[in-house]
Amino acid sequence: MAAGAGLLRALGLAALLLPAVPRGPPGAAERRCFCQVTGHIDDCTCDVETIDAFNNYKLFPRLNELLESDYFRYYKVNLKKPCPFWNDNSHCGIRDCAVKPCPTDEVPDGIRSASYKYSEEAHNRAEECEEANRLGAVDESLSKETQRAMLQWTRHDDSSDSFCEADDIHSPDAEYVDLLLNPERYTGYKGPDAWKIWNSIYEENCFKPQNVKRPLAPGRGHMFYKWLKGVCIEKRAFYKLISGLHASINIHLSARYLLQDTWSEKKWGPNVTEFQQRFDEVLTRGEGPRRLKNLYFLYLIELRALSKVLPFFERPGFQLYTGNKSRDAEIKNLLLEILHLAKSFPLHFDENSFFAGNKKEAAKLKEEFRLHFKNITRIMDCVGCFKCRLWGKLQTQGLGTVLKILFSENLIGKIPESGPSYGFRLTRQEIVALFNAFGRVSTSVRELENFRNILRNMQ
């Protein structure tokens, strides 16, 4: 009883320490969060209202159905990798931080035994044969050491276009997780540990000089946005992508908040106060609405990648293979419907403005861009909450796959209608991450409509 009373007192004190949510006439709460979430999106030809209508009423329902299918609900991940940047191996002890992996027999055979394949024919080949074919006519008189070195170089060549630090799915520590049974939602993971993750991402990986401070305190915003406006479009886009991803995650945590926890049931739902703490213009010193606007920039970038990668998935030989032939065909048709819908969007982001200057300088900047983002994917192994780590790894791998697609347009254009596409490939992990990551962003845009309606009626 004493412990329970102490917990209640602690929660009461925490509530007192939170900034008070400002009150005002009807509609004021909505305006404070959404004052900038309208009209034209910087560096784009699109506007917020066009995205809302397209996403909420056309794309979101179909995408939701796709992500509930077996192919897209099972994701293989290694949540036991140590943090490569600091020696803090503490983990969140809150029960909602835990991830429940799948028993092996619950994962469809086609996924479990051929997670790197796309078809039944490929499923029946041994991985060793594939590696031998890729090595080509290697002189068998070469020493084993030389052959191994060549194989390592082939693998390095494959990773040279990668924006992610991908997990080794053949590691004994890698496990399948059912994403529908481990949804992204509020876990209670916050404070210095969570702050350290985001601070490392923004301060060390977003091209920001040390003397330019992020707008987290009064008076800093003007200097920061003056710097941001003056940098090249690629670095500005990089910051906005990370800010948009951060906003999207915060929306999920606010939309699926633990509202009631009793011995008989848990009730999850939207927590408007939590949403305001993260996005209200007054409480965030003007930052919240900017973050929401960046979410729409992220949406446009990911939507553009889906429209570009259509030829890869349209090939007759490509299957979303789980072993259930009729269901696999249905899901591929749904996938193609979504991709054609993405392609039909009228106001796509124009990525041709990226890396368009001096070829040598552009190549150098592109490599910096790639390595900075790859570093962010490695930071995900430092997240102390396992459920947050799971969704962080999936969403950064998804965004990394988006960037890989956008910067591989020439290779995608050369994909043959039949046969292997050696120039451009996506693993099953990348495919699952790509669509689930976009599903998270699409869900965030949809949730904003719900929060907007709630706030509109608040005082």
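The exercises below work through a predicted model of one protein.

Residues are numbered from 1 along each chain as its sequence is written. In this predicted model, local features need pLDDT of at least 70 and side-chain atom pairs count only at pLDDT 80 or more, while totals for chains, interfaces and linings use all residues; side-chain values use heavy atoms, with hydrogens and water left out.

**Exercise 1. Confidence**

Find the mean pLDDT of the protein and examine residues 1–18 and 119–143.

Solution. 
- Step 1: pLDDT is the predictor's confidence in each residue, from 0 to 100. The mean for the protein is 82, and 80% of its residues reach 70 or more.
- Step 2: Residues 1–18 stay under 50, with one contact (heavy atoms within 4.5 Å) beyond four places in sequence.
- Step 3: Residues 119–143 are also below 50, yet this stretch has 32 contacts in the model beyond near neighbours in sequence.
- Step 4: Where pLDDT is low, the predicted coordinates should not be read in detail.

**Exercise 2. The disulfide**

Which cysteines form a disulfide, and which hand does the disulfide have?

Solution. 
- Step 1: A disulfide is counted when two cysteine sulfur atoms lie within 2.5 Å. The count comes to one.
- Step 2: The pair is C83 and C382, with sulfur atoms 2.0 Å apart.
- Step 3: The torsion about their S-S bond is about 75°, so the disulfide is right-handed.
- Step 4: The bond links distant parts of the chain, 299 residues apart: C83 is in the loop between β1 (74–78) and α5 (109–112), and C382 is in the loop between α16 and α17 (386–406). Helices (H or I, at least four residues) and strands (E, at least two) are DSSP runs, numbered from the N terminus.
- Step 5: Buried means under 20% relative accessible area, exposed over 50%, and partly exposed in between (1.4 Å probe, protein chains only). C83 is buried at 11%, and C382 is buried at 8%.

C46 is buried at 1%.

**Exercise 3. Aromatic rings**

Classify the ring pairs F34 with F275 and Y71 with F72.

Solution. 
- Step 1: Rings of Phe, Tyr and Trp (its six-membered ring) pair if their centres lie within 6.5 Å; planes under 30 degrees apart are stacked, over 60 edge-to-face, and the rest tilted. The whole structure has 27 aromatic pairs.
- Step 2: The centres of F34 and F275 are 6.0 Å apart and the planes are at 20°, so this pair is stacked.
- Step 3: F34 belongs to helix α2 (residues 28–34) and F275 to helix α12 (residues 272–279), 241 residues apart. F34 is buried at 4%, and F275 is buried at 0%.
- Step 4: For Y71 and F72 the centres are 5.1 Å apart and the planes at 70°, so the pair is edge-to-face. Both residues are buried.
- Step 5: The charged end of R428 sits over the ring of Y71, 4.8 Å from its centre. The rule requires NZ of Lys or CZ of Arg within 6 Å of the ring centre and within 35 degrees of the ring normal.

**Exercise 4. Helix α16**

Solution.
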